[in-house]
Amino acid sequence: MSNDKGIFETDEFRNLLNRYEQMRKNGTTSYFDISELGDLLSYYLTNNNHDEGEEIYNLAQRLHPQCDETKRMRARILLAQGYPENALEIISALNNDNDTLLLKADIHMTLKQYKESRIAARKVLHNCNITDDIAYDALEIMLDCGFAQEVQEYATEGLKHYPGNRSLLEVLAEAFIEQQKIDRAIEIYNNLLDENPYSTFYWEQLGHIYYMIGRYGKALECFEYELTIEDNIEYATMMQGFCYYKLRDYKRSIEIFTAFKERYPDSVVPRFYIALSHSQMNDNLSAMEEYNEVLKVEGEKPDFRISIMLAFINQAIILFNEEEKYNAIRCIDYALKMELSSDEMKQLLIAGNPYYELKYKENMTFDEINSTEYKEWTQYELLFALGTTLLEKGYSELALLPLAKAHSMAPDPTEIDAYIAYILFYDNKNREMLEDTIKNAIEGKSNKLFELFGLPYNANISPAEFLRIIEKEKMAN
């Protein structure tokens, strides 16, 4: 496949696709060379149409049974279907030409075997010219594996020999983005736009960069330029919706996401952002209705599962603000009963304002990515983050539930004890538990306990003395 991201929009490919679909409609068999079948397979796999991908492979088997590309096609289908080990087994028997090496790099990346992926991608780069399409694909895989600095070096060296090469400039900009060297990436895209002012791809990339650094007004302007050039680009329209939400133009955000909801009734993201916008406008009835629709969505993807947890949490916040504390606590309880992986729950690290947004790759900022990706997170840490966030937002009664669950899971719950003690003390709840948590926090050398109550750290203070001091302070205030 060419590295031209618009290959599926070219007249040549459209004619190829029409010829294939007409053959399917007529129930006949026409001849296609193996490269044409490879392009058709890429198209259907890109659109998650695995059944049609199987048909393409079956046709390739009939027309080109001994061709290595036919075997690679089978591996590509298995990879797309979520069977990378089976895909790797198939291509292991093939000669290590560039196409096989590139597919091997892609499979290793899926398996999170990043060193092996890098080795295969570097072999491709060694075997070909840096301006070849397959070199661009190898650099993209290395970027996805986290080797942005090395990709930057390859692209920079290539540009010395091929100054102004668009593909190299594009991959260099992506390497800068991955390393958060934002000004350098913006400079490249502005220069590319000076030469190609009608490139929707460059406007889109520039808009996404501005979104990721929190400059939502500039991002919105870029997406508006993109849609002026071509008014039916769904990604740009969706990003406009996110920008309007961030810019607090909730009515415009609702308009955009309502159109997406009507077009894709099974999609959870539009409903979630409509609910968020209503929440921010204090239209709680409409917000609750939309969140209820989110809860009805069925699926196994992480987006579905975390959306349900976040919908319950946001409903709890709405209900708490309406003094329906019993139902609010029930909603938090429902959220906590969900069995999600740590990876799915990482969104709990991104504090709500006060409502939690549904995040995925396209609508995360660099700050949000950094906070979720800089370490491996455990479930108790994520529940702890939820509890402390709810407490900071003023929902102490709601915060107790995730803190209690985190406490039961933590190998050292000392700091969690400090937060629980703080809530119990100021909410005048469960004196016996309050004394126990203060005792545990002091014995565990928790500096957070003293910080929360505004006292200097004293490792030798007794729990009774600590309680006497904070009660005296509370009476004085």
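Close-up 1. Cys145 counts as buried, at 10% relative accessibility, where buried means under 20% relative accessible area, exposed over 50% and partly exposed in between, with a 1.4 Å probe and protein chains only. The model is a predicted one, in which local features need pLDDT of at least 70 and side-chain atom pairs count only at pLDDT 80 or more, while totals for chains, interfaces and linings use all residues. Residues are numbered from 1 along each chain as its sequence is written, and side-chain values use heavy atoms, with hydrogens and water left out. The closest cysteine sulfur to that of Cys145 belongs to Cys128 and is 17 Å away, too far for a bond. Cys222 is in no disulfide either, since the nearest cysteine sulfur, that of Cys243, is 9.1 Å away, and Cys222 is buried at 3% relative accessibility. With a disulfide taken as a pair of cysteine sulfur atoms within 2.5 Å, the count comes to zero.

**Close-up 2. An aromatic pair between Phe320 and Tyr395.** The structure holds 31 aromatic pairs, where rings of Phe, Tyr and Trp (its six-membered ring) pair if their centres lie within 6.5 Å, and planes under 30 degrees apart count as stacked, over 60 as edge-to-face and the rest as tilted. One of them joins Phe320 and Tyr395 edge-to-face, at 5.5 Å centre to centre and with 85° between the planes. This pair links distant parts of the chain, 75 residues apart, with Phe320 in helix α18 (residues 302-321) and Tyr395 in the loop between α22 (379-392) and α23 (396-409); helices (H or I, at least four residues) and strands (E, at least two) are DSSP runs, numbered from the N terminus. Phe320 is buried at 10% relative accessibility, and Tyr395 is buried with a relative accessible area of 7%.

Close-up 3. The rings of Tyr374 and Trp377 have centres 5.6 Å apart and planes at 90°, so they form an edge-to-face pair. Tyr374 is exposed at 59% relative accessibility, whereas Trp377 is buried, with a relative accessible area of 15%. The charged end of Lys375 sits over the ring of Trp377, 4.3 Å from its centre, a charge being over a ring if NZ of Lys or CZ of Arg is within 6 Å of the ring centre and within 35 degrees of the ring normal.

**Close-up 4. The largest cavity.** A search of the whole structure finds one cavity of 30 Å³ or more, and the largest cavity has a volume of about 40 Å³. On a 1 Å grid over the protein atoms alone, a cavity is a set of points where a 1.4 Å probe fits but cannot get out, a pocket is an open set with protein on both sides within 12 Å along at least five of seven lines, and lining residues have an atom within 4 Å of a point. Grid points are joined across faces, edges and corners, and a volume is the space filled by probe spheres set on the points. Residues lining the largest cavity include Ile130, Asp132, Tyr136 and Asn165. Both α8 (133-144) and α10 (166-178) supply at least two lining residues of the largest cavity, and α10 gives the largest share, three residues.

**Close-up 5. The second largest pocket.** About 350 Å³ of space lies in the second largest pocket. It is lined by 16 residues, of which Lys246, Ala351, Gly352, Asn353 and Glu357 are the closest to its centre.
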